[in-house]
Amino acid sequence: WSSRSVYGPVADAEPGDRDPALKKPQGLGEMERLSLTNEDKTMSANLKYLSLGILVFQTTSLVLTMRYSRTLKEEGPRYLSSTAVVVAELLKIMACILLVYKDSKCSLRALNRILHDEILNKPMETLKLAIPSGIYTLQNNLLYVALSNLDAATYQVTYQLKILTTALFSVSMLSKKLGVYQWLSLVILMTGVAFVQWPSDSQELNSKELSAGSQFVGLMAVLTACFSSGFAGVYFEKILKETKQSVWIRNIQLGFFGSIFGLMGVYVYDGELVSKNGFFQGYNRLTWIVVVLQALGGLVIAAVIKYADNILKGFATSLSIILSTLISYFWLQDFVPTSVFFLGAILVITATFLYGYDPKPAGNPTKA
């Protein structure tokens with residue numbers, strides 16, 4: 001029955017096709033197709049979990065290395081976060097150009113034509129990316145400020161408020177409708193972050209080592225980054241839906257404007273230091289690791305969007321929070337978790353899963 005419904009009735013076949021001797025190869029072909037489909041499914045599942053693993057590694061390692069690099073006491077000047085943002089943008093452009101080159105069958109002529117047609121010949125389309133690019137540049141600079149003033153675990157949990165801001169901007173800008181589970185998850189999320197930020201005795205002891213307003217500065221930096229992340233993410237999604245350009249082309253455009261805005265930031269805020277000690281002052285192996293991880297961040301998220309779903313992204317976020325907490329406590333030793341923090345972290349992890357949860361409606365077999 002199934003072969004008839006797919007390949008058409010046997011009665012319509014040519015006389016030669018009715019020969020039983022010729023049916024065997026058709027059966028073999030069907031088996032080959034089934035085995036290929038199974039192989040595709042296995043490969044798709046492998047890519048899904050590989051992209052998930054890479055996302056967990058990238059998120060956790062970026063936060064921890066950035067925090068470590070900003071608090072490590074070293075001789076000589078510390079690296080400038082504004083220059084690190086610019087270098088990360090340039091590396092992202094190079095990585096995206098390589099990916100476009102690969103997609104164009106490793107032909108330099110085809111690569112040149114694609115870049116010319118999609119970027120130079122569409123100036124208005126390219127200019128649309130200036131707004132999210134400027135916001136992303138601000139956000140990347142704010143993350144350095146946040147991790148200079150907050151421990152990695154507190155930062156990781158608080159930064160999940162970007163789910164709330166993204167949801168609100170999606171409702172207002174894309175006219176998305178949120179389900180009951182998603183609204184409930186946003187309430188749980190806010191409660192969890194409030195618990196994480198609740199002052200404790202251990203924080204009062206640590207405040208002697210930190211400057212008076214550093215905890216507040218870190219919190220304000222994270223909150224501003226959450227709003228900028230939500231707006232820029234939804235704006236970028238809106239542009240992607242309106243046009244048919246590839247994600248890699250869009251990332252090249254973002255990186256181009258990001259580099260320009262980043263260089264303006266270097267000139268305004270760190271111009272004197274750069275003229276005095278150079279653009280790459282204080283750079284070491286750890287700094288380059290941070291820069292590469294930051295450059296890869298956007299590309300990893302693009303891969304996860306392609307191969308994984310929201311629940312797996314939530315799982316990756318949860319794993320990252322747990323790993324950051326453990327490493328902050330045992331390795332960086334700049335964080336002492338309290339029962340209130342654990343309660344807040346559990347609520348945030350629950351909210352992350354709940355937001356990505358898509359309940360399957362009960363099927364009605366009688367419905368046409």
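The model is predicted, so local features need pLDDT of at least 70 and side-chain atom pairs count only at pLDDT 80 or more, while totals for chains, interfaces and linings use all residues. Residues are numbered from 1 along each chain as its sequence is written, and side-chain values use heavy atoms, with hydrogens and water left out.

The protein has 15 helices and 0 strands; these are DSSP runs numbered from the N terminus, with helices being H or I of at least four residues and strands E of at least two. Out of 368 residues, 40% count as buried. On that scale, buried means under 20% relative accessible area, exposed means over 50%, and partly exposed is in between, with a 1.4 Å probe and protein chains only.

An unreviewed UniProt entry lists "transmembrane region" for residues 49–68, 80–101, 178–196, 216–236, 248–268, 288–308, 315–332 and 338–357. UniProt positions are given in the numbering used here, feature names are shortened, and annotations may be inferred rather than shown by experiment.

Two of those spans can be checked against the model. Residues 80–101 are 95% helix and 0% strand, with 32 Å between the end C-alpha atoms. For residues 338–357 the figures are 90% helix and 0% strand, and the end C-alpha atoms lie 29 Å apart.

## Helix 9 against helix 15

Helix 9 (180–196) packs on helix 15 (residues 339–356) at about 160 degrees, and their axes are 7 Å apart. Axes are lines fitted to C-alpha atoms, for helices over the stretch in contact, and angles run from 0 to 180 degrees between N-to-C directions. That angle makes helix 9 and helix 15 roughly antiparallel; the cut-offs are under 35 degrees for roughly parallel, over 145 for roughly antiparallel, 65 to 115 for roughly perpendicular, and oblique for the rest. The crossing of helix 9 and helix 15 is left-handed, meaning that the near helix is turned anticlockwise from the far one by less than a right angle, whereas clockwise would be right-handed.

On the helix 9 side, the residues that meet helix 15 include Tyr181, Leu184, Ile188 and Phe195, and their partners in helix 15 include Phe341, Leu347, Leu354 and Tyr355. This contact between helix 9 and helix 15 divides into 17 nonpolar, 5 polar and no charged residues. For these classes, Ala, Val, Leu, Ile, Met, Phe, Trp, Tyr, Cys and Pro are nonpolar, Asp, Glu, Lys and Arg are charged, and the others, Gly among them, are polar.

Helix 8 (residues 162–173) and helix 11 (residues 214–242) pack at about 40 degrees with axes 8 Å apart, which makes helix 8 oblique to helix 11. Their crossing is right-handed. Helix 8 brings Lys162, Thr165, Thr166, Phe169, Ser170 and Met173 to the contact, and helix 11 supplies residues including Phe227, Phe231, Tyr235 and Lys238. By class, the helix 8 and helix 11 contact comes to 7 nonpolar, 5 polar and 2 charged residues.

Helix 4 packs on helix 12 (residues 247–277) at about 65 degrees, with axes 11 Å apart, again in a right-handed crossing. Here Ile114, Leu115, Glu118 and Ile119 of helix 4 touch Ile249, Ile252 and Gln253 of helix 12. The tally for helix 4 with helix 12 is 5 nonpolar, 1 polar and 1 charged.

## Buried polar and charged residues

Asp151 sits in the loop between helix 6 (130–149) and helix 7 (152–158), and counts as buried at 10% relative accessibility. Leaving aside neighbours within four places in sequence, Asp151 contacts Arg67, Asp334 and Phe335. The C-alpha atoms of Asp151 and Phe335 are 6.3 Å apart, although 184 residues separate the two along the chain.

Asn140, in helix 6, is buried too, with a relative accessible area of 15%. With neighbours within four places set aside, its contacts are Val85, Glu89 and Gln294.

## Positive phi in two loops

Most residues other than glycine have a negative phi. Cys106 has a positive phi of about 55 degrees; it lies in the loop between helix 3 (81–103) and helix 4 (108–120) and is partly exposed at 48% relative accessibility.

Ser175 also has a positive phi, near 55 degrees. Ser175 is in the loop between helix 8 and helix 9, and at 57% relative accessibility Ser175 counts as exposed.

Methods. Contact means heavy atoms within 4.5 Å.
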